[in-house]
Amino acid sequence: MKILGIDPGLKATGYGCIEANNRSVTLIETGTIEPKENDLIQNRIQKVYSLLSGLIKEHKPQVLVLEKLYAHYKHPVTASKLGHVRGVICLLCAQESIELVEHSVKRVRKSLTGNGNATKVQTREIVADILRIDGAKLPLDASDALALALGYARMQSHQL
């Protein structure tokens with residue numbers, strides 16, 4: 001099963017595509033989409049949409065795992081802006097008939113590390129170890145996206 005994890009953001013959207021079955025997990029592609037900071041919001045969102053659309057068409061994942069929106073009461077505007085990016089990701093799932101699954105960061109981290117409060121760096125180390133890649137070369141946004149995909153696979157009882 002091909003699983004695409006996405007850690008949405010306006011500054012950087014991390015993505016990670018894996019193939020998981022009962023015996024193994026394979027990294028297909030990972031990276032970040034980083035629109036220009038001074039671009040208009042519609043151009044930033046369009047860049048995320050366009051690049052993710054290409055990834056989906058190329059790799060044809062069966063499931064897209066999206067980080068659940070966590071809104072802190074002190075930063076309501078941040079949640080609203082993040083909602084724009086999440087909206088185009090949800091639209092892509094509908095357009096391409098991909099199952100959309102949402103998981104909280106804590107649930108995914110607990111699944112992978114045994115600790116829902118593990119740090120981003122600790123999570124990256126586990127992700128790198130599972131996929132047998134160099135964690136130092138893995139951006140945090142990309143490792144968060146891979147953690148979503150790996151966490152989903154683990155929760156669905158695929159062997160990691």
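**View 1. A hairpin of five residues joins β1 to β2.** This is a predicted model, in which local features need pLDDT of at least 70, side-chain atom pairs count only at pLDDT 80 or more, and totals for chains, interfaces and linings use all residues. Residues are numbered from 1 along each chain as its sequence is written, and side-chain values use heavy atoms, with hydrogens and water left out. β1 covers residues 2-7, and β2 covers residues 13-20. The two strands run antiparallel and share six bridges. Across this pairing, G5 faces G16 of β2. (Strands are DSSP runs of E with at least two residues, helices are runs of H or I with at least four, and both are numbered from the N terminus; two strands pair if DSSP finds at least two bridges between them.)

**View 2. β1 also pairs with β4.** β4 spans residues 63-67. Here the sense is parallel, over four bridges. I6 lies opposite L66 of β4. β1 is mostly covered, with five of its six residues buried. (Buried means under 20% relative accessible area, exposed over 50%, and partly exposed in between, with a 1.4 Å probe and protein chains only.) In a regular strand, side chains alternate between the two faces of the sheet.

**View 3. The second largest pocket holds about 350 Å³ of space.** Its lining has 13 residues. G9, L10, K11, A12 and T78 lie nearest the pocket centre. α1 (41-59) and α2 (76-96) each supply at least two lining residues. α2 gives the most, with three. By class, the lining has five nonpolar, two polar and six charged residues. (A pocket is an open set of points on a 1 Å grid over the protein atoms alone, where a 1.4 Å probe fits, with protein on both sides within 12 Å along at least five of seven lines; lining residues have an atom within 4 Å of a point. The volume is the space filled by probe spheres set on the points, which are joined across faces, edges and corners. Asp, Glu, Lys and Arg count as charged; Ala, Val, Leu, Ile, Met, Phe, Trp, Tyr, Cys and Pro as nonpolar; the others, Gly among them, as polar.)

**View 4. C90 and C93 are too far apart for a bond.** A disulfide needs two cysteine sulfur atoms within 2.5 Å. The whole structure has zero disulfides. C90 is partly exposed, at 30% relative accessible area. C93 is buried, at 3%.
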